[in-house]
Amino acid sequence: MNASPLVVLGIESSCDETGAGLVRDGRLLGHAVASSMDEHARFGGVVPEIAARAHVHAFTPVVRAALDEAGLTLSDIGAVAVTTGPGLSGALQVGLAGAKGLAYALDVPLYGVHHLAGHVAADTLEHGPLPDPCVVLIVSGGHTSLLLVRDLVRDPIVHLGDTLDDAAGECFDKVARVFGLPYPGGPAIDRTARHGDPHAVTFPRPLTGPRDDPYAFSFSGLKTAAARWAERHRGTTLPVADGAAALQEAVADVLTRKAVAACTAHDVGTLVVVGGVAANSRVRTLAEQRCAAAGITLRVPPLKLCTDNGAMIAAVGDLLVRAGAEPAPLDVSIDPSAPLESATLHPVARHPATRPRHPAPAGAV
């Protein structure tokens with residue numbers, strides 16, 4: 001007789017959102033997110049020290065809120081999953097410390113999860129298990145990648161292409177600042193673009209030439225082109241809405257063109273678009289149009305699951321538990337720059353040598 005599925009608590013703290021989510025057998029039971037974005041806005045970007053302190057204050061209230069939404073208590077938790085990388089070092093440490101404390105106090109297994117695998121798994125909470133295989137486009141502030149995914153927690157994740165410089169979300173943030181728009185730049189660009197003409201400015205489509213890598217991305221040149229365009233309007237009124245619409249169109253064009261091409265080339269019938277930029281209205285619309293024209297099924301998580309959240313980490317933890325994966329070792333640590341190779345991420349801290357480099361002074365203990 002099979003045991004009842006465990007309730008998995010997921011903890012996310014890689015950047016400026018503190019997230020907690022509860023998943024059982026592929027179903028989201030409850031989740032809560034606290035953001036410190038307002039505290040970073042006046043600096044035009046995330047300040048790591050502020051983010052880490054905010055996680056400390058938000059951790060317990062967020063876990064409690066997720067439990068309350070699910071109608072559960074701590075004693076109902078059967079496993080804990082936590083983001084162990086990539087992300088801001090101090091922020092990751094706060095989440096891991098809290099997750100370790102809960103797992104130890106509840107005497108339940110702990111699983112380390114790669115942040116980007118969490119974004120992939122977020123879609124399963126809305127649309128069910130991922131098709132095997134599927135092409136996944138991860139597009140966020142720090143990452144833009146095209147992946148070939150089979151079994152997310154059992155098989156290696158194959159990278160078809162990655163960004164060579166700025167990610168798409170980073171491009172939005174930096175250009176928004178040049179345009180005089182508020183942080184975060186992605187949502188500001190999206191809102192402003194609704195009032196502009198996407199064809200008013202001709203921005204480049206990087207790495208889309210016949211000799212370019214068909215699945216690699218580069219948004220640094222596009223960012224520079226937008227900045228130069230803004231400079232040419234110095235002393236006059238900048239047509240921000242047209243610039244935002246044209247920039248958004250260029251980013252959406254490149255992302256969806258390459259993603260659909262990858263599906264066609266690898267004979268894959270499903271494209272999954274995840275990450276914070278998957279919330280962009282033009283990216284979603286153009287992906288729908290191009291997938292429909294190519295006979296490809298498009299899956300995009302709901303907006304609340306596109307940005308960083310604990311539910312996506314719980315989703316990976318739930319898959320790991322059901323797959324019988326080994327829990328993390330007691331000395332599991334973080335890896336702020338971990339490449340995406342598998343859903344599980346169990347780095348172990350390197351302990352410094354106990355012997356000093358130089359002889360200790362006489363009389364020292």
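This is a predicted model: local features need pLDDT of at least 70, side-chain atom pairs count only at pLDDT 80 or more; totals for chains, interfaces and linings use all residues.
**View 1. The five-stranded open sheet.** The strands follow the order E3-E2-E1-E4-E5, and their pairing is mixed. Strand E3 (27-35) and strand E5 (110-114) form the edges, each pairing on one side only. On average, and with direction ignored, neighbouring strands of this sheet are turned by 20° against each other.

**View 2. The hairpin of E1 and E2.** Strand E1 (residues 7-12) and strand E2 (residues 17-24) run antiparallel and are joined by five bridges. Four residues lie between the two strands of this hairpin. Val-8 stands opposite Val-23 in E2, and Gly-10 is placed opposite Gly-21 of that strand. Of the eight residues of E2, seven are buried, so this strand is largely enclosed by the rest of the structure.

**View 3. The hairpin of E2 and E3.** Eight bridges connect E2 with E3, and the pairing is antiparallel. Thr-18 has Ala-34 in E3 as its bridge partner. Two residues separate the strands of this hairpin, and in the turn Asp-25 adopts a positive phi of about 55°.

**View 4. The crossing of helices H4 and H11.** Helix H4 (residues 115-122) and helix H11 (residues 310-322) have axes that come within 8 Å and cross at roughly 90°. Because angles of 65 to 115 degrees count as roughly perpendicular, H4 is roughly perpendicular to H11. On the H4 side the contact comprises His-115, Ala-117, Gly-118, His-119, Ala-121 and Ala-122. These residues meet Met-312, Ile-313, Ala-315 and Val-316 in H11. Classified by residue type, the contact of H4 with H11 contains seven nonpolar, three polar and no charged residues.

**View 5. The packing of helices H6 and H8.** The axes of helix H6 (residues 168-178) and helix H8 (residues 220-231) come within 10 Å, with a crossing angle of roughly 10°. Because angles under 35 degrees count as roughly parallel, H6 is roughly parallel to H8. From H6, the contact involves Cys-171, Lys-174, Val-175 and Val-178. From H8, the contact involves Leu-222, Lys-223, Ala-226, Ala-227 and Ala-230. By class, seven nonpolar, no polar and two charged residues make up the contact of H6 with H8.

View 6. With sulfur atoms required to lie within 2.5 Å, the count comes to zero disulfides. Cys-15 is in no disulfide, and the nearest cysteine sulfur, that of Cys-306, is 16 Å away. Cys-15 is partly exposed, having a relative accessible area of 24%. Cys-263 is likewise in no disulfide, its nearest cysteine sulfur being that of Cys-291 at 6.2 Å. Cys-263 has 1% relative accessibility and therefore counts as buried.

Methods. Residues are numbered from 1 along each chain as its sequence is written. Side-chain values use heavy atoms; hydrogens and water are left out. Axes are lines fitted to C-alpha atoms, for helices over the stretch in contact, and angles run from 0 to 180 degrees between N-to-C directions. Angles under 35 degrees count as roughly parallel, over 145 as roughly antiparallel, 65 to 115 as roughly perpendicular and the rest as oblique. Contact means heavy atoms within 4.5 Å. Ala, Val, Leu, Ile, Met, Phe, Trp, Tyr, Cys and Pro count as nonpolar, Asp, Glu, Lys and Arg as charged, and the others, Gly among them, as polar. Two strands pair if DSSP finds at least two bridges between them. Buried means under 20% relative accessible area, exposed over 50%, partly exposed in between (1.4 Å probe, protein chains only).
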